2 protein chains.
Amino acid sequence: MQSRRVTIRDVAHAAGVSRQTVTRAINDMADISRETRERVMKTVEELGYRPNRFAIELSRQRTLSVGLIIGTFRNPYYAQLADAFVNELQRRDWQLVVGTSERGEAEVIGAMAAQVDAIVGYIDQAEDEIAATFRGMPIIRLEHRATTAGIHSVELDWERGIADMVSALRAKGSRRFAMIDAAAPEPHGLAPRRRFFEDAVGEPCTVVTETQSIAGGADGIRNLLERDPRIDTVLAFNDLMAMGAVQGAHTLGIAVPDTIRIVGIDGLSLGEAVSPRLTSLSLESAAVAGEAAEILAQLFAGGPVPDGSLTRAVTPVVVWRESA
Amino acid sequence: MQSRRVTIRDVAHAAGVSRQTVTRAINDMADISRETRERVMKTVEELGYRPNRFAIELSRQRTLSVGLIIGTFRNPYYAQLADAFVNELQRRDWQLVVGTSERGEAEVIGAMAAQVDAIVGYIDQAEDEIAATFRGMPIIRLEHRATTAGIHSVELDWERGIADMVSALRAKGSRRFAMIDAAAPEPHGLAPRRRFFEDAVGEPCTVVTETQSIAGGADGIRNLLERDPRIDTVLAFNDLMAMGAVQGAHTLGIAVPDTIRIVGIDGLSLGEAVSPRLTSLSLESAAVAGEAAEILAQLFAGGPVPDGSLTRAVTPVVVWRESA
DNA sequence: GCGGGGGCCGTGACCGGTCACGGCCGGGGG
DNA sequence: CCCCCGGCCGTGACCGGTCACGGCCCCCGC
């Protein structure tokens, strides 16, 4: 392991050429003869030269890394979202640096701000505060529409997604709806799930509140059935709870989806692995990542960006599998 | 949105001082009066100045970002590993950029190499090939011991971990062991699971092979019991399959862990959420991340690094919950 | 009155690349 | 024979910060 990094000057000296010629060789540029290029490349090889990324970016002024802020990878939804972003950004040759808001969102964003060209993710802090702290830094908020100039967003159209789901369920014969809500909603204002569900169903429906876990889902369906045995369709707060619910139904000897339909929210691919395979209102992480990337591209292009907020919406759509 | 980035020179000019004074103000350095500092900071605020990270790193020569290569976030184990790395690196003020080897490991590593100061992760490529391509770049292989000079590793001591697990199980009364193996082992040579399990058990035990999913786990326990009804302990290839197995046992009316003990492999926190809570041979992702970080620190320190490979081992340890 | 030290600030070089430009040389057309 | 052009290569400036150093001024002590 060499003590000091070998620079382009070292290579140039060793190969008996100028720095510029080394650059030409490395970057496949014109104005260099075949043999010179080969000689330089051989020298590069021998010296183990790796160009300094900071120097490159400094002179090229090209932008390429975006920070993603999520809650935690231990939540499968966030993991899947991260997966979507990796794929999307990888496709565009951008780098993804991830941060977890577990130990202080502000700190993480701050540390990240020095390293990335844009930040996208689940952000709780007051928008105006963020906008003030990181003026000039492109920021995209996920799930909720941004209301502050300079902060953009890709929002989820809960209202339409849930309404579509309910009417599709009705078409399949659902009549008595119920919901297993989560006890302590995460700070990101996940309330819309329940609100729009009740709106779409029209009449007030039975709702129980349980802990966000598989066990909570199992408890949920039991409590639900206790209150109203004629329920034929259950929406769970998320896929994990929905999985618990189908498991609970199974224990209770209730056929899913024949006597009771169960649908989750998230659209986790994990839902493919259970039996019956879980039907779920997908939060479309791939689409979210795609739209975010589009906004980013627009911002990076440096073209005429309205001084307000760029917003794109994706509507959740149910992926029909077996449980409903 | 300003058309061009505002630089330190702009700030200096606007505040009527030199660049160096601006630096002093920004970085809380000495040799600057209170009032000058305040004036400069106000100018910074007004102009929306953000220092260029590339310029900073170029002149400071500090290293700070490491790339993590995993299979996919859709595999909960990788997600948990990523989580552990985010936490570990965040603690050390290093940045984490992640890459997924789904669409071409070589491409991802290549793209990453230009952006990070070290690479750690699950790597399949021939080691010597990698070493040749990225000489000088610190590389840490996960799970498997590196055999090529210049490539380091933190390996999993499957042998000891599994042996300890088996003897602990024996102490609890287990006598007839069985295993639900995975049909198509991932390329990373996951074979050790079965091999060391059979070694530890001593006598040949019943093994069935199923698909890597919850449903596969359920099938597995059914098939296992068909072959040998007296089985009292089952090891599943991973936690997902183990969850399927306990679910399947439940369906069959078999008490877990009373008549049959079930343990998974991974140590997913997801196992906390099911009922009964899953006992699992934890792959200790936090420890793995920690050891990797230690190696990284040693490498970055620039001290005397042996020309061979740095290797640390972590032994899987079972987290006892309810299923065994 | 003079030397020295500390507070405060500015200048030039440098980090490691890239870019714009200019020079040299050989060959072909007028 | 001259000129021009294209292939090939090198030089200086620059990207936007930081670092080492030096200068100025004021105050204090002898």
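R145(A) is partly exposed in this predicted model, because its relative accessibility of 48% lies between the 20% and 50% cut-offs. Its side chain forms a salt bridge with that of E155(A), at 2.6 Å from N to O. The bridge joins distant parts of the chain: R145(A) sits in the loop between β4 (139-143) and β5, and E155(A) lies in strand β5 (residues 151-156), ten residues apart. E155(A) has a relative accessibility of 16% and counts as buried.

Over all chains, the structure holds 40 salt bridges. Among them is a network in chain A that links E88(A), R91(A), R92(A) and E294(A). In chain B, D28(B) pairs with R37(B), with the closest N and O atoms 3.3 Å apart; D28(B) is exposed, at 63% relative accessible area. Another bridge in chain B connects E102(B) and R74(B) at 2.5 Å, N to O. Here too distant parts of the chain are linked, 28 residues apart: E102(B) is in the loop between β2 (95-100) and α6 (105-113), and R74(B) is in the loop between β1 (65-70) and α5 (76-91). E102(B) is partly exposed at 39%, and R74(B) is partly exposed at 39%.

A search for disulfides over all chains finds zero. C205(A) is buried, at 12% relative accessibility, and C205(B) is buried at 13%.

Technical notes:
Residues are numbered from 1 along each chain as its sequence is written. Chains are lettered from A and ligands numbered from 1 in the order in which they are written. This is a predicted model: local features need pLDDT of at least 70, side-chain atom pairs count only at pLDDT 80 or more; totals for chains, interfaces and linings use all residues. Side-chain values use heavy atoms; hydrogens and water are left out. A disulfide is a pair of cysteine sulfur atoms within 2.5 Å. Buried means under 20% relative accessible area, exposed over 50%, partly exposed in between (1.4 Å probe, protein chains only). A salt bridge is a side-chain nitrogen of Lys or Arg within 4 Å of a carboxyl oxygen of Asp or Glu. Helices (H or I, at least four residues) and strands (E, at least two) are DSSP runs, numbered from the N terminus.
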